[in-house]
Amino acid sequence: MKSNKKPYKSKINKIRTFALSLIFIGFIIMYGAIFFREHQWLVMIFMTLGILCIIASTAVYAWIGFLSTQAVMVECPNCHKHTKVLGRVDMCMFCNEPLTLDKSLEGKEFNQDYNNKSKHHTNG
Ligand SMILES: [Zn+2]
């Protein structure tokens, strides 16, 4: 199986994608309210849900800001850009190179199991 897509994303990037999609979902829900113009209560529900999504996204962005202060700044050995590492193992934000802060894991094949229970392996 050939794929140019790297299997993992940096945690901060993942959360950022989630926050961005929440904004889109919020706007789509609010846009959906237009189709229920005749039913005022449905419009109210859609508008409220949409606003809740956008508020949630703002909260997630604030959370990213908090996580960033906890993350460790390292220079990526692959692309030599400065990236933030969250937890024991994380991806480079720019090239998705697996990085580790734990010396005991250095040189070992990267395994997402160090972070959670998903059963994926890197290809090469
Ligand atoms: Zn990199």
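The following questions and answers go through a predicted model of one protein.

Residues are numbered from 1 along each chain as its sequence is written. In this predicted model, local features need pLDDT of at least 70, side-chain atom pairs count only at pLDDT 80 or more, and totals for chains, interfaces and linings use all residues.

Trainee: In what order do the elements of the protein run from the N terminus on?
Mentor: Helices (H or I, at least four residues) and strands (E, at least two) are DSSP runs, numbered from the N terminus. The protein has two helices and four strands. Their order is α-α-β-β-β-β.

Trainee: Which residue in β2 is the bridge partner of V72?
Mentor: Two strands pair if DSSP finds at least two bridges between them. Strand β1 (residues 72-75) and strand β2 (residues 82-85) pair in the antiparallel sense over four bridges. For V72, the partner in β2 is V85.

Trainee: Which residue takes a positive phi in the hairpin of β1 and β2?
Mentor: This hairpin has six residues between the strands. The phi in question is near 60°, and the residue is H80.

Trainee: Is M73 buried or exposed?
Mentor: A residue is buried if 20 or more other C-beta atoms lie within 10 Å of its own, exposed if 12 or fewer, and partly exposed in between, with C-beta atoms placed from the backbone. M73 is found in strand β1. Because M73 has 9 other C-beta atoms within 10 Å, the residue is exposed.

Trainee: Why is I25 partly exposed?
Mentor: I25 lies in helix α1 (residues 11-32). Its C-alpha atom is separated by 9.6 Å from that of L49, 24 residues apart along the chain. I25 is partly exposed because the number of other C-beta atoms within 10 Å is 16.

Trainee: How many residues has the largest nonpolar core?
Mentor: A nonpolar core is a set of buried Ala, Val, Leu, Ile, Met, Phe, Trp, Tyr and Cys residues joined through C-beta atoms within 7 Å. Here the largest one holds Y8, V85, V89, M91, C92, M93 and L99. The number of residues is seven.

Trainee: Over which residues does pLDDT stay under 50?
Mentor: pLDDT is the predictor's confidence in each residue, from 0 to 100. The mean for the protein is 83, and 78% of its residues reach 70 or more. Where pLDDT is low, the predicted coordinates should not be read in detail. The stretch with pLDDT under 50 is residues 117-124.

How values were computed: Contact = placed C-beta atoms within 7 Å.
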